[in-house]
Amino acid sequence: MARRKITRRWMLNNLSVIITMLLIVEIAFAAAVRSYFYKNVEYSLEKRAEGVSATYMDYDLSGGLANVSRTFVDQFPEKDKMEMQVLDGSGNILISSLGFAPRQESMPDFAQARSSTDQIGVWHGRNSAGENVMAYTSVLINKDGGISGALRYVVSLTPIDQQLWLIMGVMFLFSVIIVLFVVLSSSYFVNSIVQPVMEIGRAARRIALGDYHYRIDKKYDDEIGDLCDTINYMAGEISAAENVKNDFISSVSHELRTPLTAIKGWGETLRHVDSSDTEMVDKGLDVIIGEAERLSGIVEELLDFSRMQGGRLNMKFGRMDLLAELSETVLLFRDRAAREGIDLQYIEPEDLPPVVGDRDRLKQVFINIIDNAIKYSDRGGRIRIETADMSGRVQIVVSDTGVGISKADLPNVKDKFFKANHSRPGSGIGLALADEIIRRHKGRLDVDSEEGVGTTVTILLPAAPAALSSQEGELPLPSPPEK
């Protein structure tokens, strides 16, 4: 239906314009050719009349026009082509080259010749027999300057009309050929557009129904081809997003299930434990509190991700001591690292230049990176945290001797929901969120890793200008750098 509508609309629009233009051209050309031929006939009659009129005075006119009219007719050489009539001063036919007296009929050309200054008259139309003719009348002037009569030439325009019809027929045939060519070429052109559009429509419906692996064959390197590339790219992106969504749902479901199972299990255990067994009660409460905090962290991470996606990740920038926030974060993880048998080394410099940033968000980044280092390290591993002043920039390096990341997964570790190691806890959001926060600070977060050796995360942040105000809330939000 769509194809028929587009084809019909295209044909109607194109053909109506082309046929109208052809009709205008054909009518204008026919009128010009007709005028040219008629003018030639008139010119030819005019020359004949001028020749006879010039010699009129050489004849013996004592007996009047009737005496010389026979001479005019006898000397007329083109009796087979046209009729010559000699008229008296009142317009009556004295003699005709046809050899018999023709029927007296209206002669507008004679009346025009008598009244005009050049003393000639031209008329073409249908005679009494219905034939299309042209009549040319030239007045004969006597020696006294009066009108003694007139010469009238009548020629049939039927041969000329036949030639005109022949020319019109050829032009009509030529126009039909043009219209057929336009129809064929337009049909091919419309099909070359409609067929790919219909294929794109079918592909879009299949993609909408979940067939994300369907692709369109690109046949033309033009706008239609670009549209095919765009649809194929869209299908790939949707497929990737669908896979990420499924992985995310699976990962988050697992992350939520583990603490919920622990809380439920210990809750049921505490319900039946003897109240006098304080050690068991304390242990159960510690597990419940710890898992609740873990749930809270996952929910908060999801909320931050939602804010980041919606462009609502607000930050309060101000001049801050980065070293103080990093030291406080390291202190939070020392006991946990010790419990898990991991050596946490913190190389604290004497001084670092201040930076312009959101202290809570930067602390969130440090927590995420150190937490990942502990999660992906085994007992007996080592985590090293050190900072350095890089002349206008502050560098924080967190390296571990954990499981590492493969070369294939390394380029994707900062993508949303991506997890290089599904055996370790985590939603795959934290590093993407940390990278976004660092970018908002006009900084850079790099990850370097080797599978089985360990991972190094390097953060670079611009140092605060020396003259910058220390009042929080007065600093504009820096625009994120281009990716």
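Is D371 buried or exposed at 19% relative accessibility? D371 counts as buried, because its relative accessibility is 19% and the cut-off for buried is under 20% relative accessible area, with exposed being over 50% and partly exposed in between (1.4 Å probe, protein chains only). The model looked at here is predicted, so to speak for local features a pLDDT of at least 70 is needed, and side-chain atom pairs count only at pLDDT 80 or more, while totals for chains, interfaces and linings use all residues. Residues are numbered from 1 along each chain as its sequence is written, and side-chain values use heavy atoms, with hydrogens and water left out.

D371 has a salt-bridge partner in K375, with N to O at 3.4 Å. A salt bridge here means a side-chain nitrogen of Lys or Arg within 4 Å of a carboxyl oxygen of Asp or Glu. Both K375 and D371 sit in helix α8, four residues apart, or about one turn of the helix. Helices are DSSP runs of H or I with at least four residues, strands are runs of E with at least two, and numbering starts from the N terminus. K375 is buried as well, because its relative accessible area is 18%.

By the same rule, the salt-bridge count comes to twelve. One of these joins the side chains of K363 and E328, at 2.4 Å from N to O. That pair links distant parts of the chain, with K363 in helix α8 (residues 359–375) and E328 in helix α7 (residues 322–339), 35 residues apart. K363 counts as buried because its relative accessibility is 16%, whereas E328, at 39%, counts as partly exposed.

Over on the nonpolar side of things, W10, F189, I193 and V197 make a surface patch of about 310 Å². Patches take residues with over 30% relative accessible area and no salt bridge, joining like charges within 9 Å and nonpolar side chains (Val, Leu, Ile, Met, Phe, Trp, Tyr) within 5 Å. The areas come from the Shrake-Rupley method with a 1.4 Å probe, and for residues only the protein chains shown count as cover. Helix α4 (residues 158–208) gives the most to this patch, with three residues. V197 has its place in helix α4 and, at 38% relative accessibility, counts as partly exposed.
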